Amino acid sequence: MGQLVRHPPGAGAWVLIDVDDLGHGDQAWDLARPAAWFASGLLAPEVWQGFLSAYLGAGGRALGAPGADPWERLDLPARALTVQLAAAAVAAALREEREPDEVERILIDTCARIAGTQGRAR
């Protein structure tokens, strides 16, 4: 999800980019971004299911035992990343003296749901 590209586009080898986040840790955090996007409604259910199926089919181990509920492992990472993305969205909108765009608003609203509030940031 944005970390692998083909170069030259469409025909070349797959190239890993953004290695600044490369490290060793809990593999569930590697899936936090797509999980947060799905939980926020930014990633369609069929895309999420396709992603999970491909991940598990390739031998991905971050979700625990086969057949386990993926949210047992993904809930905390997805929530934490949603809060981080919402904070970055608010900061960007304030810095640029504008209202949050549609995607930023979705992340902010999702963060508010996580916090159990109905209020809107900004």
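Helix α2 covers residues 45–57 of this predicted model, and its 13 residues reach 18 Å from the first C-alpha to the last, close to the 18 Å expected at 1.5 Å a residue, where the expected span is 1.5 Å times one less than the number of residues. Helices here are DSSP runs (H or I, at least four residues), numbered from the N terminus. Residues are numbered from 1 along each chain as its sequence is written, and local features need pLDDT of at least 70.

Within α2, W48, L52 and Y55 are buried, a word that means under 20% relative accessible area, with exposed over 50% and partly exposed in between (1.4 Å probe, protein chains only). These residues cover an arc of only 65° around the axis, which puts them on the same side of α2; the arc is that of the directions from the helix axis to the C-beta atoms. An α-helix has 3.6 residues a turn, so residues three or four places apart point the same way. On the other side of α2, E46 and G57 are exposed, while the cover over its buried residues includes α1 (32–40) and α3 (71–95). Just after α2, G59 takes a positive phi of about 95°.

Helix α1 contains W37, which counts as partly exposed because its relative accessibility is 24%. W37 and L81 are 44 residues apart in sequence and 9.5 Å apart in space, C-alpha to C-alpha.

Conventions
Predicted model: local features only at pLDDT ≥ 70, side-chain atom pairs only at ≥ 80, totals over all residues. Heavy atoms only, no water. Helix = DSSP H or I, 4+ residues; strand = E, 2+ residues; numbered from the N terminus. Contact = heavy atoms within 4.5 Å.
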